[in-house]
Amino acid sequence: MTKNSFDVAKLVKEKGNEAFEAKDYVTARLLYSKAMEIDPSQYIYPLNSAIANLKLERWRDAESNATAVLEMVPDNLKALYRRGLARTELRQWSQARQDIQAFIDGGGCSAAGHAVLDTITRFEAASTLDPINDRSNDSSEASEKLSPDDVSGLAIRDSKVAGQGVFATREFKKGDTILREKPLLTIPLVRFRDQPAHVKAALRKLSPKNTARFLSLDNTHPGDCCADRLPHHASKIFDSNMIMLPGDNGDIAICFYAARFNHSCAPNTWHVFETTTGEFRMFATRPIREGEEIFREYSYASTEEMHCSPRTWRQAELQRLLHFTCACALCVLPDTAAVQASDARRVQLGQVFGNLQKEKSAIQGMSLTLLVEGMRMSRKEGILDVALVFMALAMAVCAHHSDWASAKYWAEMITDEFGEGGLEEVQDSEDFRKYLFQPELLPGAGLGPQEDFSGIRLD
Ligand SMILES: C[S@@+](CC[C@H](N)C(=O)[O-])C[C@H]1O[C@@H](n2cnc3c(N)ncnc32)[C@H](O)[C@@H]1O
């Protein structure tokens, strides 16, 4: 590591020290282990890890940390003392004595050393009376899990699509909230080459626990796929898990829980970023059964491009940006005819969007027939958030032409698609809900020539 390089291991150790001082030994231990993994040449990381493990009564780990230090620096007094303590707890009396004696002989605090020697003598005597009391078990395995399992209704399991994914442990209704979380870190949308500087700054600001969480995320970029711009693949972890936040400012975020969901081109969720609460939220777009995998759509390309492009394009794009070949249910449809039909719908969907844009999105010129065609295709393709956009536009078109019965028909369909929960959560929901109950309040309502759309419905 060059002198001026961004030393991730050192930063991680410092975060570990912060956690240790706050008596969060579980996080401190995780961070020291990460620092050891990143830079195994430094004895200070296992030395610190040993003390965290002693605090957590993980005697074997503390012993092995101290041994690692002594292999690098044979007369390190702190390591001798810490190993002596661990070995005492592991009932390795004579080895414990040797370590503590070496500690005293090397100039370590004699009072502290003799106190441990006395303890060893007492333990040794007690152990002959109480042979069943085995102190060698490490005790804190369960408490150190940093896992999304504590988010209600979700569990991490092996996925048939890719590695691990997130599964429902209960039923979710359409519109139910799947997840709401504040991102671990966000950076502004900047040029790719400027990204590392922002990631570095964001990593520096992370709390110790969130540093451990960040480092525990998957790096799915193969080693040589592209040069990493930060040591220890920090930018690859970032790239593997980043989410472009929907909304105007377009920040890029790492969300600890949302990062664990696999991608699908026909996801069963949609998501928003609520600027008022700073929360990333996911909702079910259809009923999700217990045991079903839950997917989100990775939207790195523009959402429209992702929705309106055939499988080969989507796969190439995900490969180019994220280095994986999409194996979602839509991309691995078993028969060619089904793939061709899906591709054709996507291309048509693109044409619908194109035609709508040509009409400059002005409600007065928008064709309801075209919108309904878009709804049909997006429903078939399982991209319900797109269907919802078309429905909202359909409501506005009918309201513009004072066909209130038809406007109400589309409003009810939207309510039904969102589900009660989803409707409450949508961005700008207050206005939106108001329009659903009173379409006549929509901007432009009643301003167009009167028309009757009762013959145009979604079957
Ligand atoms: C943010 S991680 C998702 C969780 C990951 N599966 C795990 O085991 O931790 C993103 C990585 O998961 C894999 N992945 C996600 N969705 C996929 C899909 N539809 N097809 C193939 N691989 C996918 C890719 O390797 C991708 O880079």
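Helices (H or I, at least four residues) and strands (E, at least two) are DSSP runs, numbered from the N terminus. The model described here is predicted, so local features need pLDDT of at least 70 and side-chain atom pairs count only at pLDDT 80 or more, while totals for chains, interfaces and linings use all residues. Residues are numbered from 1 along each chain as its sequence is written, and side-chain values use heavy atoms, with hydrogens and water left out.

Start with helix α3 (residues 44–55) and helix α4 (residues 59–72), whose axes come within 8 Å and cross at roughly 160°. Axes are lines fitted to C-alpha atoms, for helices over the stretch in contact, and angles run from 0 to 180 degrees between N-to-C directions. The crossing angle therefore makes α3 roughly antiparallel to α4 (over 145 degrees).

Next come helix α5 (residues 77–89) and helix α6 (residues 93–105), with axes that come within 8 Å and cross at roughly 155°. This angle is why α5 counts as roughly antiparallel to α6. Their contact includes Leu77 and Tyr81 of α5, and Trp93 and Phe103 of α6.

The second largest pocket holds about 500 Å³ of space. A pocket is an open set of points on a 1 Å grid over the protein atoms alone, where a 1.4 Å probe fits, with protein on both sides within 12 Å along at least five of seven lines; lining residues have an atom within 4 Å of a point. A volume is the space filled by probe spheres set on the points, which are joined across faces, edges and corners. Of the 21 lining residues, Gln164, Asp218, Thr220, Asn262 and Tyr298 are the closest to the centre of this pocket. Both α10 (234–241) and β7 (262–263) supply at least two residues each to the lining.

Terms used:
Angles under 35 degrees count as roughly parallel, over 145 as roughly antiparallel, 65 to 115 as roughly perpendicular and the rest as oblique. Contact means heavy atoms within 4.5 Å.
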